[in-house]
Amino acid sequence: MLAVDINADGLAALAAEVDGIEPVPCDLSDYDAIAELPTDVDILVNVAGIQTVSPIHEFPVEKFEFIMRVMLHAPWYLIRQSVPHMYANGWGRIVNVSSAHGLRASEYKSAYVTAKHGLEGLSKVVALEGAPHGVTSVTVNPAYVRTPLVEKQIADQARTHGISEDKVIEKIMLTRSHVKRLIEPEEVAELVLFLTGPASASMSGTSYPIDGAWTAY
């Protein structure tokens, strides 16, 4: 099992903790580096994500372009170079970890929302093209998950608003979720695992929210 990330130290720690992990450091904003990654994969999970929060008229152009490269362009490149192997074998699974923001919008997150909406469309096209070859493509759409990315947002929001981190979670992050708790990473992983398993053969071209009823409202 290959684990790809720009954080080499984090990959090494993961490999030490989980048997069977082969760490592959890679900057997913670098298309030449992506081209050097192995392509003989049967299951591809696109999960890399970053965030910048800013009004659109103040949003740094270089940040917008960087988010597009990592969160939308990189999945396209990875899918493009991986599906020939899947097609040849007549089987493959592609899971794109999107977000509730792939289905809904929020203020000040123009790059993130744009990238996630684009990922939704890409996943559907791949599902249509891959179906005759036994390849499925879906998105998973979590609300706020307890990850380093979200924890940094919590700390930033607490400083900005002068409130506690608990209040940030309650009053800002969970406003739209009716299940009032952060999602744990293991919950998302379990859903991804299910979507790559034997029961998922007809589950393609669709989105699977895990959002505390955010998108039900």
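Trainee: In which element is Gln157 found?

Mentor: Gln157 is found in helix 5. A helix here is a DSSP run of H or I with at least four residues, a strand is a run of E with at least two, and both are numbered from the N terminus. The model is predicted, so local features need pLDDT of at least 70 and side-chain atom pairs count only at pLDDT 80 or more, while totals for chains, interfaces and linings use all residues. Residues are numbered from 1 along each chain as its sequence is written, and side-chain values use heavy atoms, leaving out hydrogens and water.

Trainee: What does Gln157 touch, not counting residues up to four places away in sequence?

Mentor: Gln157 touches Gly162, Val168 and Ile172; contact means heavy atoms within 4.5 Å. By comparison along the chain, Ala48 is 109 residues from Gln157, and their C-alpha atoms are separated by 22 Å.

Trainee: Which residues lie nearest the centre of the second largest pocket?

Mentor: Gln157 is one of them, together with Val53, Lys109, Tyr144 and Gln153, in a lining of 23 residues. Helix 5 (148-161) and helix 6 (165-173) are the elements that give two or more residues to this lining, and helix 5 supplies the largest share, eight residues.

Trainee: What makes this a pocket and not a cavity?

Mentor: On a 1 Å grid over the protein atoms alone, a cavity holds points where a 1.4 Å probe fits but cannot get out, whereas a pocket is an open set with protein on both sides within 12 Å along at least five of seven lines; lining residues have an atom within 4 Å of a point. The volume of this pocket is about 640 Å³, counted as the space filled by probe spheres set on points joined across faces, edges and corners.

Trainee: Why is the sheet with the order 3-4-5-6 called parallel?

Mentor: The pairing in this open sheet of four strands is parallel, and two strands pair if DSSP finds at least two bridges between them. In strand 4, Asn96 is the bridge partner of Asn46.

Trainee: Which strands does helix 3 lie across?

Mentor: Helix 3 (residues 61-89) lies across strand 3, strand 4 and strand 5 (135-142), at about 170° to strand 3. Such angles run from 0 to 180 degrees between N-to-C directions, with axes fitted to C-alpha atoms, for helices over the stretch in contact. Helix 4 (residues 110-130) lies across strand 4, strand 5 and strand 6, at about 160° to strand 5.

Trainee: Why is the aromatic pair of Tyr31 and Tyr77 called stacked?

Mentor: Their centres are 4.4 Å apart, with 15° between the planes. Rings of Phe, Tyr and Trp (its six-membered ring) pair if their centres lie within 6.5 Å, and planes under 30 degrees apart count as stacked, over 60 as edge-to-face and the rest as tilted, so this pair is stacked. Tyr31 lies in helix 2 (residues 31-35) and Tyr77 in helix 3, so the pair ties together parts 46 residues apart in sequence.
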